[in-house]
Amino acid sequence: MSKDKKLRQVITQITAIDPVVAIEISAMMECLAGIEAREQALAAAAETVSAQPSKIALIGVYGGLTPRGSWYGSSLSGIAAAATRAGNDPDVAGIILDIDSPGGTVSGTMEAAAAVADAASKKPCIACVNTLAASAAYWIASQASEMVIAPSGDVGSIGAMIMHQDVSGYLEQMGVKMTLIRSEQSPMKNEAHPFAPLSEDARGFLQSRANAAGADFIKAVASGRKVTQTKVREEYGQGRVFGARDAVARGMADRVGTLDQVISGMMPKGPTRAARRRSALAFE
């Protein structure tokens, strides 16, 4: 038998003896019930507040981007891992990409951009161009929910490029002659070596690789910016870089703003003092 039923039985018995005492006990029980209900409501509210996301994940995208990173730039695999971790963390309310990079390698960029796109599908993800997002960095930035560019920022350089250096003339002046011996089964091995001009066959192959990477780039930007591939090809500069105002006008970025403004705008805002204490800002 519950405590409430037992108490009601006691009240019924007392009522038979002294109705006035019974009325006082009933009033007391109503007050106690009200207090208990308020305590339960407060406990439920506290659980709701504590369950709310309370962190902002700040992911740096800096310098020359390479698959494993280096002293002069961020790791593309590290960016992908950080975006995936933040996207899956229930305590992270939003993600900010702090970007200042001229780009990097094709290898690793697609995976990093895909991880950002996946995270952006789960929670707010803002790419803050602070102050450069070019080439591979723009590919990654374009996958965020929103792109904010610093007043002095630049974005663009959409496309892929392969460079070949012919040093044969210099070596000839130095009296150096290079001889390459390849296995007979692999006549195309290292066909883009720098010790002779590119053959037409090698140039055509490298051109096809660049075209394929460029097409992937345009497709990803169109998907991330929610525009057509034709718009990206024709209006996003064809490899050029644009300043903040031009970028926003072309639709390559959403608005002009600083990193501090982006962080301030994403900070959790609670209605009560208790909620604010529980919503302390934390960076990853």
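Helices (H or I, at least four residues) and strands (E, at least two) are DSSP runs, numbered from the N terminus. With that in hand, here is a friendly tour of a predicted model, in which local features need pLDDT of at least 70, side-chain atom pairs count only at pLDDT 80 or more, and totals for chains, interfaces and linings use all residues. Residues are numbered from 1 along each chain as its sequence is written, and side-chain values use heavy atoms, with hydrogens and water left out.

**Salt bridges**

- The structure holds five salt bridges, a salt bridge being a side-chain nitrogen of Lys or Arg within 4 Å of a carboxyl oxygen of Asp or Glu.
- One of them joins Lys231 to Glu235, at 2.7 Å from N to O.
- Lys231 and Glu235 sit four residues apart in helix H8 (residues 229-235), so about one helical turn separates them.
- Lys231 is partly exposed at 25% relative accessibility, and Glu235 is partly exposed at 34%; here buried means under 20% relative accessible area, exposed over 50%, and partly exposed in between (1.4 Å probe, protein chains only).
- Another salt bridge links Arg225 with Asp254, whose closest N and O atoms are 3.0 Å apart.
- Because Arg225 lies in helix H7 and Asp254 in the loop between helix H9 (244-250) and strand S7 (255-256), this pair ties together parts that are 29 residues apart in sequence.
- Arg225 is buried, with a relative accessible area of 12%, whereas Asp254 is partly exposed at 37%.
- Lys122 and Asp118 also meet through their side chains, with 3.2 Å from N to O.

**Aromatic pairs**

- Rings of Phe, Tyr and Trp (its six-membered ring) pair if their centres lie within 6.5 Å; planes under 30 degrees apart count as stacked, over 60 as edge-to-face and the rest as tilted.
- By this rule there are two aromatic pairs.
- The ring centres of Trp71 and Tyr72 are 5.3 Å apart and the planes stand at 80°, so this pair is edge-to-face.
- Trp71 is exposed, at 80% relative accessible area, while Tyr72 is partly exposed at 46%.
- Trp139 and Phe217 have ring centres 4.8 Å apart and planes at 20°, so they are stacked.
- Trp139 belongs to helix H5 (residues 136-141) and Phe217 to helix H7 (residues 200-225), so the pair ties together parts 78 residues apart in sequence.
- Both Trp139 and Phe217 are buried.

**Helix H3**

- Helix H3 (residues 76-88) has 13 residues, and at 1.5 Å a residue they should span 18 Å, in agreement with end C-alpha atoms 18 Å apart; the expected span is 1.5 Å times one less than the number of residues.
- Its buried residues are Leu76, Ile79, Ala80, Ala82, Ala83, Ala86 and Gly87.
- They cover an arc of only 165° around the axis, which puts them on the same side of H3; the arc is that of the directions from the helix axis to the C-beta atoms.

**Backbone details**

- A cis peptide bond, with omega of about 20°, joins Asn130 and Thr131, and Thr131 lies in strand S3 (residues 125-134).
- Ser135 has a positive phi, near 55°, in a residue other than glycine.
- Ser135 is placed in the loop between S3 and H5 and is buried at 17% relative accessibility.
- Asn190 is not a glycine either, yet its phi is positive at about 55°.
- Asn190 sits in the loop between H6 and H7 and is partly exposed at 49%.
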